Amino acid sequence: MLKSNMEGSSVESNVEKVILAVYQPGADENNRREALAQLQSFSARPEAWGILFALVGSRNVKVQFYASNMLYAKVQKEWSSQPDAAKEDIYGRAMNAVQSYVNASEPDAVSGMVPPIERNALQRMCLLLAR
C-alpha cells in the first residue's frame with residue numbers, strides 16, 4: 001500500500017488511506033495487521049516526520065490522532081539521535097500545529113461553529129512539546 005517512490009501529497013494521501021484502513025469497521029483482521037505493519041515501517045523513514053505533521057492537520061479526527069500519536073512515539077524513540085536543526089524544526093512544527101488548533105477553536109465569525117478538534121491529538125502534540 002505505501003509506495004516509497006511516491007512524492008509529497010501522494011504519499012500523504014496514501015498514508016491517510018492506510019490509517020483509515022486500520023479503523024475501518026468490519027475490516028478483515030489480516031488487512032488491519034498489514035496496514036499496521038506498513039505504518040510501522042513508514043514511521044521509521046526520515047520523510048515520515050513531514051508527512052505526519054501534514055496529517056495532523058487532516059479533517060479526519062482518526063487521522064489527526066494517529067499521526068500525532070506516531071509523532072509522539074517518534075520523538076520518544078528518535079529524539080536523542082536527531083541533530084539540533086532537526087529538533088528545532090520538529091519543535092517549531094509541533095508548536096505551529098498546537099497554535100493552529102488554538103486558532104481553529106475560535107468560533108467561525110459567519111456560522112458561530114467551532115471546528116471539530118481531536119482532543120487526544122492536541123494532547124499528544126502538547127506532550128511532544130514537553131519533551
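Helices α2 and α4 lie oblique to each other, a class left for angles that are not under 35 degrees (roughly parallel), over 145 (roughly antiparallel) or 65 to 115 (roughly perpendicular). This is a predicted model, where local features need pLDDT of at least 70 and side-chain atom pairs count only at pLDDT 80 or more, while totals for chains, interfaces and linings use all residues. Residues are numbered from 1 along each chain as its sequence is written, and side-chain values use heavy atoms, leaving out hydrogens and water.

**Overall make-up**
- The protein has six helices and zero strands, with helices (H or I, at least four residues) and strands (E, at least two) taken as DSSP runs numbered from the N terminus.
- Of the 131 residues, 34% are buried, meaning under 20% relative accessible area, with exposed over 50% and partly exposed in between (1.4 Å probe, protein chains only).
- Among contacts (heavy atoms within 4.5 Å) between residues at least 6 apart in sequence, 63% join residues at least 24 apart.

**Helix α2 against helix α4**
- The axes of α2 (residues 29-43) and α4 come within 11 Å and cross at roughly 50 degrees; axes are lines fitted to C-alpha atoms, for helices over the stretch in contact, and angles run from 0 to 180 degrees between N-to-C directions.
- The crossing of α2 past α4 is right-handed, that is, the near helix is turned clockwise from the far one by less than a right angle, with anticlockwise being left-handed.
- L36, L39, Q40, F42 and S43 of α2 meet Y66, M70, K74, K77 and E78 of α4.

**Helix α4 against helix α6**
- α4 packs with α6 (residues 119-130) at about 20 degrees, their axes 8 Å apart, which makes the two roughly parallel.
- Here the crossing is left-handed.
- On the α4 side the contact includes Q64, F65 and S68, and on the α6 side it includes N120, A121 and R124.

**The aromatic pair**
- One aromatic pair turns up in a search of the whole structure; rings of Phe, Tyr and Trp (its six-membered ring) pair if their centres lie within 6.5 Å, and planes under 30 degrees apart count as stacked, over 60 as edge-to-face and the rest as tilted.
- The pair is edge-to-face because the rings of Y23 and Y66 have planes at 85 degrees, with centres 6.3 Å apart.
- Y23 sits in α1 (residues 8-23) and Y66 in α4 (residues 61-78), so the pair links parts of the chain 43 residues apart.
- Y23 is partly exposed at 31% relative accessibility, whereas Y66 is buried at 14%.
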